[in-house]
Amino acid sequence: MSDNLRVKGSKFIDETTKISFKFNGKIYYGFKGDTLASALMANDVHLVGRSFKYHRPRGIMTAGSEEPNAIVQVNDNTAYTEPNVRATEIEIHEGLEASSQNCWPSVGFDIGGINNILSPFLPAGFYYKTFMWPASSWEKYEHFIRHSAGLGKSPKVADPDIYDHRYIHCDVLVIGAGISGIMAAKTAAQSNLKTILLDEKTEIGGTTIYQNSDNFKINNKNSSDWLYNEINELKKLDNLEIKTRTSVAAYHGYNYLLARENLTDHLSKKEKQNKIRQRLLKIRAKKVIVATGSLERPLIFDNNDRPGIMLSSAIKKYADYYGVICGKKNVFFTNNDSAYESAISLSKKEIKVQAIIDIREKSESSIIKEAESLGIKIYWSHTVVNTHGYKKLKEISVMELSKDGLSVIGSKININCDCLGIAGGWTPAVHLFTQSGGKLKFRDEDQVFIPNKNSSKQISIGSCNGDFELDKIIKNSSNSLKNFLDIGKTDYENLSVVTSKETNKKNIWLLPSDKVIGKTKPFVDYQNDVTAKDIKLALREGFRSIEHVKRYTTTGMGTDQGKLGNMHALGIIADTTGVKMGEVGTTTFRPPYTPLTFGTIVGRNVGEYFDIFRRTPMNDWHVKNKAKFENVGQWKRAWYYPRYNETMHEAVQRESVAARYSAGILDASTLGKIDIQGSDSSEFLNRVYTNAWSKLGIGKCRYGLMLNEDGMVYDDGVTTKLNENHYIMTTTTGGAANVMVKLEDYLQTEWPELDVYLTSVTDHFATASICGPNSKKILNKLIPDLDLSDENFPHMSFKKTRIGKIKCRVMRISFTGELSYEINVQANYGKSLWEQCIKAGKEFNITPYGTETMHLLRAEKGFIIVGQDTDGTITPIDLQMHWIVSKKKLDFIGKRSLYRSDTMREDRKQLVGLVTDNPKEVLEEGAQIVSELNQNPVQMLGHVTSSYFSPNLNKSIALAVVKGGKTMIGKKLFIPMEDRTINVMVTDPVFLDKENKKLNA
Amino acid sequence: MFIINCPFCGERDQSEFKAGGEAHIERPKQPTELSDDEWAEYLFMRKNIKGVQFERWNHAHGCRKWFNMARDTSNDEIKLIYKMGEKPPLK
């Protein structure tokens, strides 16, 4: 590294620890404590990236998280790669590799740079206007646009790092550890409150900690020394936790905040191994103190984006904190006193300051006199009109401002310089305050938005509250803390404070130029390449609302969310349209404040932990027997059991033949089960199901259909009367939880007079369903002493019995149309039950079948699946299930809706069967059905809901919902597919065993 | 993310609760006697107020009890929580 670019003696940089890192493939050296940005500048590297749209060379502008330009790809071409990381926030460490983004083939020579020359043809909304016609070509255009645009590269493989979430509860959360944040944390912790202090930076102390100037004194000490003492006192307090490298991403209502704690990004590869990389803190604070500080504003003039043009405060931080010289010949350009602080600090370190360009006519503060006495030339009433130098600033052009500030006069003065510090005043960082629901007000005197009203228990203190001067910060923060924390006094009353700035500032949002605006590039949003010209164009084209201008020009929509330029965009809109700033308002500040990695958001919920899976007690058996699984809600259900190299189709055909001709077994444990008890249970069932329940005998089962209050089918299942006042209801697998909630809702809110108690027992029972003509023989082997005759154990009845010593409930019910028994045992006996069934059924070739075969078997019988053949718009009448809707009952959930004019229409979509002309052709579920092929537009009659090839009928069958379908039996319809049309005929939905003979086979 | 004071369990995080829409819409005792319009009024019409709204909440991942809440929808301030069957407070 070039030693002459370092100022010796910064206490924040460890000059004894040299660190190597790579940038764009080249090895550089920095010191421990450097950021990538400071280390690059110490190596005289200023060209860091290319801009988004015009591919203009860009350098480092800031020293913080607001950086719009210097965003880089870290660890490119590895699994650890991350795009869009701010070079100003990356702490260098051994092994760090970073590279420029948005350029090809290299940052020095970038082909996309041609866009800069073409820029007169790339105005705001260019893509919207140009590539939309003809609409059909968009896909082609999009390919090229996407290729040349974009910031950084997303990773191609799974992130190997570990992330974590942590909940924190505290009395007081302080956000920002600048001078006011430290005052707040110390005061709160001293008042016996559990306090957390967060700061996004590596060190606490904000800008004051490196101030070290006689111009700022507290109790006759330099402000930095005073603060240093405060921090030492603070660290002794034991009910305070300080977290650095921790950025608050979101501030939600009720003082719920999310923050990202960065744990290992600053460590070398070796040190970070097996450690948690980042942690999302979910903080619930009783009180929140926002001390987020303020961001320095740039100034908007022609070519204000060249590498070497930086915020004045950033140049100061690089010199004072990192000991890095940004430029050898510096010029400052300002509208207020703060640039003078930077200039003086540089001068005292013997870094050359050529001049200060000040748009004000005069200012009399002592700090200015000091600058003059150091020999710095001040150009009053002047403005920068242009800058020169392609990859690094070489020269600026300056002209005198007219009295009204609207134009420039006189002749151009050129000043040679390699670094221009711009100082446009300060913008309070009110992002978090507004995220929490706080409302802002505009302060005209210095043109800032400051916090006004908020609803949660919070205060804003320091410069984020609009207090920019040291004396004000201390006095106002102290008073606010007293009120907010309800304490008698603070340590900060009656301090003697020296501050030498005056607050006089002259604000011009867009500085005048000697050129017409159309010929200039005054950047407002650096990251998205939006210029003042683009904003004016949007206004000319009729956009007025700031939200619309934002979306049209994309100003403020980059990864930095326009932290630097948003105020100027508002100002230019206000100036151009003649509306007051306060009335223009701001765009919405949305979380996160700075970008979060996806890893942080998901934490440990990755891979198999992404979502919770539920597995049945028989699951191990299914896995061992090579079942394929499907997800049904959260359940993993066996889908089919392929043997050898069977395809799914072959396996399902085999399984369904076995179930019809000998015996099959299904794991039905996932069906929802609700235990219903209480003296009003029958009445309750009467109210929730469409059919009648009063006369059901003990030991009998009944199928029920449940509607929503709007009359649409909601759920179905068999309910068994175990005893007087005791039922067990089964629900669909996917609907179980919702049915439970719905039933509880009615019980608690509409019918509290009913004596009914519901308990979800889905997980308490395991269920094996054996079906087929041999199922009776198998059950007889399992339970020899149970009389299985139709007289003793008829269809739709229940027995309480035992298999060996295991208590079980057996229901003779069927979803396949075959004779079948559902055996329920206590869940932990599930696998044993299953294995006994398989053993007993071996001589009958009992065949395990999965959900796919179950679906096929029930479709052959025309049994519906709620959620597959229904979709929330289907009534039981539409399903042609009139038989289950009681006419005698005065009321049940959804009854009234079945008599609404709309639900009584004859041309509603109704459930029918479909058979294809070609019996081998299987329809696609979801396919549309039409009656006329040559209509324009063609009228869709309905769609296929279930479709299978039935081995038992040796043909293709389907269920469908078709407008007016119940009157169409025998009618020919068409299913237009991409490459052909399929002819089908409407049939009854029951394809097999209409007389239900098999149930009693 | 609210903190909700469940009348049965005390203060809990909002993630334990489910919102259940507008409160105090009683299911008609004899729906069959209502006209289509009257039934539609019960079935579909909800107020969606900006300001204090009475709404139903369920402590779904807790005691599973339903209760009522008066909430200012403009700033999410919970004004009052009261049990099912209790009368809505006067504004």
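The legends below describe several views of chain A in a predicted model.

**Figure 1. Overall extent and make-up of chain A.** Taken along the principal axes, the C-alpha atoms of chain A fill a box of roughly 115 × 70 × 55 Å. The chain contains 24 helices and 50 strands. Of its 1001 residues, 50% count as buried. Among contacts between residues at least 6 apart in sequence, 66% join residues at least 24 apart.

**Figure 2. Domains of chain A.** Chain A is divided into four parts: domain 1 spans 3-129, and domain 4 spans 905-1000. The centres of domain 3 of chain A and domain 4 of chain A, taken over C-alpha atoms, are separated by 71 Å.

**Figure 3. Crossing of helices H5 and H6 in chain A.** Two packed helices are described by the angle between their axes and the distance between the axes. Helix H5 of chain A comprises residues 179-190, and helix H6 of chain A comprises residues 223-235. Their axes come within 10 Å and cross at roughly 35 degrees. The crossing of H5(A) and H6(A) is left-handed.

**Figure 4. Residues in the contact of H5(A) with H6(A).** From H5(A), the contact is made by A:Ile179, A:Ile182, A:Ala185 and A:Lys186. H6(A) contributes A:Leu227, A:Glu230, A:Ile231, A:Glu233 and A:Leu234. By class, this contact of H5(A) with H6(A) has six nonpolar and three charged residues, with no polar residues.

Methods:
Residues numbered from 1 in each chain as written. Chains lettered and ligands numbered in written order. Predicted model: local features only at pLDDT ≥ 70, side-chain atom pairs only at ≥ 80, totals over all residues. Domains from an automatic or database assignment. Axes fitted to C-alpha atoms, helices over the stretch in contact; angles between N-to-C directions. Helix = DSSP H or I, 4+ residues; strand = E, 2+ residues; numbered from the N terminus. Left-handed = near helix turned anticlockwise from the far one by under 90°. Contact = placed C-beta atoms within 7 Å. Nonpolar A, V, L, I, M, F, W, Y, C, P; charged D, E, K, R; others polar. Buried ≥ 20, exposed ≤ 12 C-beta atoms within 10 Å, placed from the backbone.
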